[in-house]
Amino acid sequence: MEDLSSQLPTLDKYIGRIKRQQTEDKDCSKWDVEKGLQHLPVPDLDATLTKYLRCLEPIQSSEEFDRTKQLVDEFRAPKDTVGQRLQDMLIEHASKSENYAVDWWLEDMYLANPLPLPINSNPAFVLPQQHFANTEDYLKFIAKLISGILDYKVLIDGRALPIDRATSREKGQPLCMEQYYRLFSCYRMPDVPQDRLIQIRNSKVVHHQVEHVIVVYRNQFFVLNVVINFTRLDEDDIYSLLRRIVRMADDDPYASDDVGIYTSLPRRNWAHIRTELMKDSLNRDSLDLIERCIFIICLDQSESSNDSEDDGESVNFSKATKRDFVSLGEQILHGGKNTINAANRWYDKTMQFIIATDGLFGLNYEHSPAEAIAVIQLIEHLFKYMEEKSRERFRRSKSLCELPVPHRLKWNLNNFLRQNLLIAKKSLQEAINDFDMRILKFTDYGKEFPKEHNMSPDAFVQMCLQFTYFKMYNKLVSTYESASTRRFHLGRVDNIRANTPEALVWARAMVDETDNISAAEKLRLFRQAMQAQTDLMVQNILGNGMDCHMLALKQIARDNNLPIPELFLDPGYALSNHFSLSTSQVTTNINDSFICYGAVVPDGYGCSYNVRSDYILFCISSFNKCSTTNSQEFAESLTDTLYEIRDLCTLVQRQQQTIALRRPSYAAKLAAQQSISSNSIHINEQNNNN
């Protein structure tokens, strides 16, 4: 990689400052970043099976649980049984692997999932709504964004990003960075029997090789070459090319074949369609350019109003208004309810930035290459860097190349393909109509309240979600909360299951109407439930989670042509993986930003949350077709829960303060004793005088 200080001085200073801060941090400095990360350990079999029973006990009937317990006991019986045999095979496999779980996990979580990507898999990262005065303002913002991403990509290509560090439990410990290096070099290809995650280019790419971005506008796809004659285009060049793209599409708005809508289909359907597309050389070339691009920029039309003036050409920016969070999230997630942007997407691409004329701004990302934390960290760094770059007014030297006319991708669609366009549009419209999302911004308190009561904010919120579900349905269900395993080489996530026996005991106590359980006891049980959740979190991030281990035991039997053990055929195993509550804490420090996604099962809820200092933002989703779920009712019940827990904590705190006031201090006791002693002496003296 060329010298960063001469090539990108602002970026060099920004990254240098981050690295200096890490060097000066005592928690970071005690770790040797040159030393390779440990491999993910294979957890103890007995410990994993005990956790498995604990996660099922609160959600199974007693008869179901007895059956599952019997199968677990058979599986973990003394040596020479199937469980120990598979464990030994797994340990041997792990000794030869960079990460024993990651490939099986990737297949199970993403690649083998046949559901469409929008709503079901790709999250939406909504960023602050912008304000554009006119088309020039709009396109210059996009040019600045593209240029900033390309600058930051220099670090990614050179694998020179500052290493992320753990912020708790072994603070300062280096974390695996591989997820970052896949963000601009991977592509999810539909296939049968499962998708493939394709590495488009080597991460150690030659700087300034021929690279391009795909710009989608009016459902038309354009190739924006960002390196021409070995020279990176500057912002002015990119802006000029964007103007040409917009003009070309506006001049011929019906040139689109809406092929982007194909990527919203169920994965096996899309795989068959892609195979048909590949039979034509024109389509092959267009697909190749999309699949090999660095990232995609979607220039959306406004969801809230018609973009065009009466002449059908110019955008009326004066009509842009502040939009509500739900409409922003929906447009980023699936194109919006009016579907005018439905085909203005390519959901298979990892990084897909979306900017609308009314200021909507966000990112729809394909989830299989990386977790949300990598995407969030990248975007936050990018925002800070772009702000510093703007302040310093640093300008790259003007490129000397003549700008080519942007290339519009063309398609040759036969009757089969055109018929499937109609099917895809109808399918996506049905999915959009079925999707039910509500956003709750709870502003009465944020993370400072649980911290004041010596509680983990994340455990606090997780228990609130458990209790909310319990109040609505009188039961707990399998719950998913991702826990990062990036302390280990190629680590992704494991699962913190908040539906613990302790959570069930506490939830039942909270709704008890006999008045036999005091507020202090309810709070004690609440703390106990939070501690159980925290213990699981710690075990997960330190490599001793249950879910990846259980999956690996099942998969190693499959891959070695062994019979699948009865334990994994038991309805309890299916129930344990039917996540009626799919949750995640997605912390971002960018104001008015959030991540949202759909529920992962038809009768479940999706719930992401961001706990800020003075508010908590929840994105709650479910499906209208399910008669038992309702996002609005969940949001209302969750609001009540947040007040109930606050009142419980406050009530017990006041009771304890009252007791403390009533209880004499040692000094007061001593003074009273001295007073009594003095009075006794005085009385005795009087008696003696008498």
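Reader: Is His367 buried or exposed?
Author: His367 is buried, at a relative accessible area of 12%. Buried means under 20% relative accessible area, exposed over 50%, and partly exposed in between, with a 1.4 Å probe and protein chains only. This is a predicted model, where local features need pLDDT of at least 70, side-chain atom pairs count only at pLDDT 80 or more, and totals for chains, interfaces and linings use all residues. Residues are numbered from 1 along each chain as its sequence is written, and side-chain values use heavy atoms, with hydrogens and water left out.

Reader: Where is His367 found?
Author: In the loop between β10 and α13. Helices (H or I, at least four residues) and strands (E, at least two) are DSSP runs, numbered from the N terminus.

Reader: Which UniProt annotation covers His367?
Author: The unreviewed UniProt entry lists His367 as "active site". UniProt positions are given in the numbering used here, feature names are shortened, and annotations may be inferred rather than shown by experiment.

Reader: And what is His367 in contact with?
Author: Leaving aside neighbours within four places in sequence, Tyr110, Ser121, Asn122, Pro123, Ala372 and Arg492. Contact means heavy atoms within 4.5 Å.

Reader: Ala372, then. Which helix does it lie in?
Author: Ala372 lies in α13, residues 372-392. Ala372 counts as buried, at 13% relative accessibility. Besides His367, Ala372 is in contact with Tyr365, Val586 and Ile595, again leaving aside neighbours within four places in sequence.

Reader: How many residues apart in sequence are Ala372 and Phe125?
Author: 247, yet they are 8.9 Å apart in space, C-alpha to C-alpha.

Reader: Changing topic: what is the strand order in the open sheet?
Author: The order is β11-β5-β4-β8-β9-β10-β1-β16, an open sheet of 8 strands with mixed pairing. β11 (407-408) and β16 (594-596) stand at the edges with a single partner strand each, so one side of each has no neighbour in the sheet. Two strands pair if DSSP finds at least two bridges between them.

Reader: How many residues of β8 are buried?
Author: 5 of the 5, residues 296-300, so β8 is largely enclosed by the rest of the structure. Ile296, Cys298 and Asp300 are on one side, with Ile297 and Leu299 on the other.

Reader: How many bridges join β4 to β8?
Author: 4, and the two strands run parallel.

Reader: Which strands does α9 touch?
Author: Helix α9 (residues 235-251) packs on the sheet, touching β4, β5, β8 and β11, and its direction makes about 160 degrees with that of β5. Axes are lines fitted to C-alpha atoms, for helices over the stretch in contact, and angles run from 0 to 180 degrees between N-to-C directions.

Reader: Last one: at what angle do α4 and α5 cross?
Author: Roughly 175 degrees, with the axes coming within 11 Å. The two helices are therefore roughly antiparallel; angles under 35 degrees count as roughly parallel, over 145 as roughly antiparallel, 65 to 115 as roughly perpendicular and the rest as oblique.

Reader: Which residues in α4 meet α5?
Author: Leu45, Leu49, Tyr52, Leu53 and Leu56, which meet Phe65, Thr68, Lys69, Val72 and Phe75 in α5.
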